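Let me put the model up, and then I'll walk you through a couple of spots in it.

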Amino acid sequence: MITFEKQAQTVVSLAQFCSDKGWLPATSGNLSVLVDRNPLAIAITRSGADKQRLHVEDVLLIDDKMQVQSGLDGYRPSAETSVHIELYKKFSCGSILHVHTVFNNLVSELYGDVGAVLVRRHELLKALGHWDEDAEVRIPIVPNYADLTRLGEAVAEAATADVPAVLVRNHGIYAWGETAQDARRHLEAVEFLCEYLYRLGVSRVVG
Ligand SMILES: CSCCC(=O)C(=O)COP(=O)(O)O
Ligand SMILES: [Zn+2]
């Protein structure tokens, strides 16, 4: 049986994984796992928590209006909860991960004006569900709107069913999946691809 307590523990495990990778610097990032779809209930990190040292108490149960249903007094859900809610409404995903890394920021800035970054014929695209040897995917990039309602809408609008990730320019990435394990794999694959694309670009300029 799925419970908030179990999903909160999964959020803590996901934070540990992302933290071990160095993907949650300076309290950045927010992570969530679906508890119920109807009505929508999500286990999500609280705003401002140090996600590199996340405890179960740092995970709140919220509804589709961002109201806290379970959690310690005074704790507010992630400031970017709106993005998670919009993505859960658009896709049948079970987990959403948002991290800030140097490589996803570099790629978002380099390709931000185009609104997407193209990845072609790369083995890691298989981790995103593209098995064709000629596979091509576009990872969308949206502006880093300060209005977080607008950011949520922009991320959900840009998100497509065939690429489970969106970059936010000079900010970070949202990646998702049907399960926490899928979301983690998708995030890891896109992070790999961001580093690859950036280093490839640099090597072409230098070489
Ligand atoms: C210091 S990071 C700035 C806010 C941010 O982008 C982020 O991911 C963390 O915000 P939250 O409210 O989820 O802690
Ligand atoms: Zn962020």
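So, let's start with His98, which sits in strand β5, residues 95–99; strands here are DSSP E runs of at least two residues, helices are H or I runs of at least four, and both are numbered from the N terminus. Bear in mind this is a predicted model: local features need pLDDT of at least 70, side-chain atom pairs count only at pLDDT 80 or more, and totals for chains, interfaces and linings use all residues. Residues are numbered from 1 along each chain as its sequence is written, chains are lettered from A and ligands numbered from 1 in the order written, and side-chain values use heavy atoms, leaving out hydrogens and water.

Is His98 buried or exposed? It's buried, because its relative accessibility is 0%; buried means under 20%, exposed over 50%, partly exposed in between, with a 1.4 Å probe and protein chains only.

Now His100: that one is in the loop between β5 and α3 (102–111). At 22% relative accessibility, His100 counts as partly exposed.

Why pair them up? UniProt, in an unreviewed entry, puts a "binding site" feature at His98 and His100; positions follow the numbering used here, feature names are shortened, and annotations may be inferred rather than shown by experiment.

On to neighbours, meaning heavy atoms within 4.5 Å. Leaving aside residues up to four places away in sequence, His98 touches, among others, Glu80, His171 and Tyr174. With that same exclusion, the contacts of His100 include Trp23, Asn105 and His171.

Last stop, Val202: you'll find that in helix α5, residues 180–206, and it's partly exposed because its relative accessibility is 34%.
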